[in-house]
Amino acid sequence: MDPKRAKQSPDSAEAIRLSPFPDEALDRILALLDSHKDRSSASLVSKAWYHAERWSRSCVFIGNCYSVSPEILVHRFPNIRRVILKGKPRFSDFNLVPQNWGADIHSWLLVFADHYPFLEELRLKRMTVSDQSLEFLALKFHNFKSLSLLSCDGFSTDGLAAIATHCRNLTELDIQENGIDDISGKWLNCFPDNFTSLEVLNFASLTSEVNFDSLERLVARCNSLKILKVNQSITLDQLQRLLVRAPRLMELGSGSFLQDLTPQQYTDLETAFRGCRNLQTLSGLSEASSLYLPALYPACANLTFLNLSYAALQSEELAKLLAHCPLLRRLWVLDTVEDKGLEAVGQNCSLLEELRVFPEHPFDQEIDHGVTESGFLAVSYGCRKLSYVLYFCGQMTNAAVATIVQNCPDFTHFRLCIMNPGQPDYLTNEPMDEAFGAVVKNCPKLQRLAVSGLLTDLTFEYIGTYAKNLETLSVAFAGSSDWGMQCVLEGCPKLRKLEIRDCPFGNKALLSGLEKYESMRSLWMSACKVTMNGCKLLAREMPRLNVEVMEDEESNEGQAYKVYVYRSVAGPRRDAPPFVLTL
Amino acid sequence: MGSFENDLNLEATELRLGLPGTEESEKGNGFRSSNKRPLSDSEAKQDGVEEKGPKAAPSPKAQIVGWPPVRSYRKNSLQQKKADPEAASGIYVKVSMDGAPYLRKIDIKAYKGYPELLRALENMFKFTAGEYSEREGYKGSDYAPAYEDKEGDLMLVGDVPWEMFIASCKKLRIMKGSEAIGLGCGL
């Protein structure tokens, strides 16, 4: 029976008798809910459910750190152990957001120290983290276990030293692709001799050399180590010694694959790889050459994720390697493999679900290397289960994309980057409208879309008409008028994140989304035609949105060059730097 | 016969009137520098201007901030051996074109001289600059590339030696129509 109905009954004794859910049962059931969406839904059922849910929640995900304040967070959820926080707008990854914009973790840590002393896990993406913050974290939270920093900035290897020194119960240290001040590898020596709890260690993106003896001893004494991703300073023979100590690894990131090995060393390496029966993920392999790649063939039988995006492999090398990876689900490569390499993907990887092709030389004046539409086509013929693609290429045609989505209708993530901005179909010279039209028409499950090439408003009409499950849209150098953006805002009910740069969308488009932005996480518009007046109007009409304009030397009179709009229950930022104007 | 000639790379030794680095096979919208002394001097000073070989020199594309969307970390780690235009200290200037809705930005340090810069601008904004001469400015086109120098004066692109231009250019402006005509006729 519906507890809400029972509550509305005027007879309170009646209400108690009719209520089927003793609190203990409700608590038990809600404790089993993991999904954030499910928990959010549960919290809306009734006041009783709201309170039961908030007391039982142990993990919270905050997609925009400025949408809520740490005070509001701790007030609502008293028992949090794990926090996932995302900070800056995604375009900050591409240098579009100035330094010192914000998203500093420290103010959060101060509040957590008082309210979540048993905090175990912190996963941060695009946040600013200082060494002081890392030291504070290490000293104040005695139960701290798991730290993951992705695309963050503001700290150095000294901060990592503090974590290694003080976090006695650390199980995870995952440092990925950050703007880190890489002073030295000495932090690795800071793990105490009696420290054995590490399960995940990822320092692949650091460059400074670590002491190999320290690393070897660490790996030897941490029996639960499942994920180890080392950096380029680790040589092949060192890798062999590590593998021998940790044969139960599930994920491995190798160091440099370039070294002169003696035949004995090669055999030892191959034997070590043969011993790794549990390997599901393999990455690293920088400077890998056909000479030593065969050593890892024995470890590939159970591989589901192969990340070759830092290994400039040629097509032949890739083909030979893939022949040993029958269970591959996810593959990341550099475009050095060319179309021929992608043909090998199509031939060998029938279970493939995700493909990412990164450009080796994204800023080359001529794009006469890399991949084209034929590589993508070849993959689509062989890998019918493809659902996630990120593809950087020099040329594309509408016809190719139409065929690709016919072959693979299950796309949830379609991110196509034709690297020359505003480039048409190279065979017909027409805009790429029909390509993306085909994508949205054929792929009903599409959640994320990134468009490129020469595009008119028609592309956005298609998106608004067909992409009913679209949540994230990235647009650059596209569109003809305000109408394009309006189509998307009016047509995509599930839109959460919209990021736009260098498009002719102005105030009319911006204001057409007035009602929409509160149901979205955020909107980013840069180098478009919106003006300060348009933004001020938006801010005035929608007080629960933060409308931020970034001052920039690029701006003309009255132009709002970089606009970031997001919903928030915390009100305007109190830590905004001088160049961020909150309207 | 043709391939034999290519192997000998006869073009490298060919005597011609153009500046090193400019191709005879350019279409008419290329930058002609036949009688421009400041330009010729500046071009001659630069050594190591490579011949691109028999095929036409590609139009250099201006570097756009944050494009293609490759994460800084990935970009830096792959570009360690190659000169990365965004990591090296470039000189970024705004480029506006009369009538265009938004500005662009380019790194003028990425170009070796006026011909490359002009080609890049023409490519970016889809116009042709016409033929440059000291006396008449840009002839045969509705557009003239101009720049604002350190003193705030509006100058015609091409009048001063390249190195001086790099050091003094603050902003570029592609002017259109009647406004463009006055600039070429001496000061």
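Q: What counts as a cavity here, and how is a volume worked out?
A: On a 1 Å grid over the protein atoms alone, a cavity is a set of points where a 1.4 Å probe fits but cannot get out, and lining residues have an atom within 4 Å of a point. Points join across faces, edges and corners, and the volume is the space filled by probe spheres set on them. This is a predicted model, with local features needing pLDDT of at least 70 and side-chain atom pairs 80 or more, while totals for linings use all residues. Residues are numbered from 1 along each chain as its sequence is written, and side-chain values use heavy atoms, without hydrogens or water.

Q: How many cavities of 30 Å³ or more does the structure hold?
A: One, and the largest cavity has about 40 Å³ of space.

Q: Which element gives the most to the lining of the largest cavity?
A: Helices (H or I, at least four residues) and strands (E, at least two) are DSSP runs, numbered from the N terminus. Here α19(A) leads with three residues. The lining includes Phe460(A), Met485(A) and Phe505(A).

Q: Is Arg356(A) buried or exposed?
A: Buried means under 20% relative accessible area, exposed over 50%, partly exposed in between (1.4 Å probe, protein chains only). Arg356(A) counts as buried because its relative accessibility is 13%. You'll find Arg356(A) in strand β14 (residues 354-358) of chain A.

Q: What is Arg356(A) in contact with, leaving aside neighbours within four places in sequence?
A: Contact means heavy atoms within 4.5 Å. For Arg356(A), the list is Leu331(A), Trp332(A), Val333(A), Tyr388(A), Leu390(A) and Arg415(A).

Definitions and conventions
Chains lettered and ligands numbered in written order. 1 Å grid on protein atoms, 1.4 Å probe; cavity = no way out; pocket = protein on both sides within 12 Å on 5 of 7 lines; lining within 4 Å.
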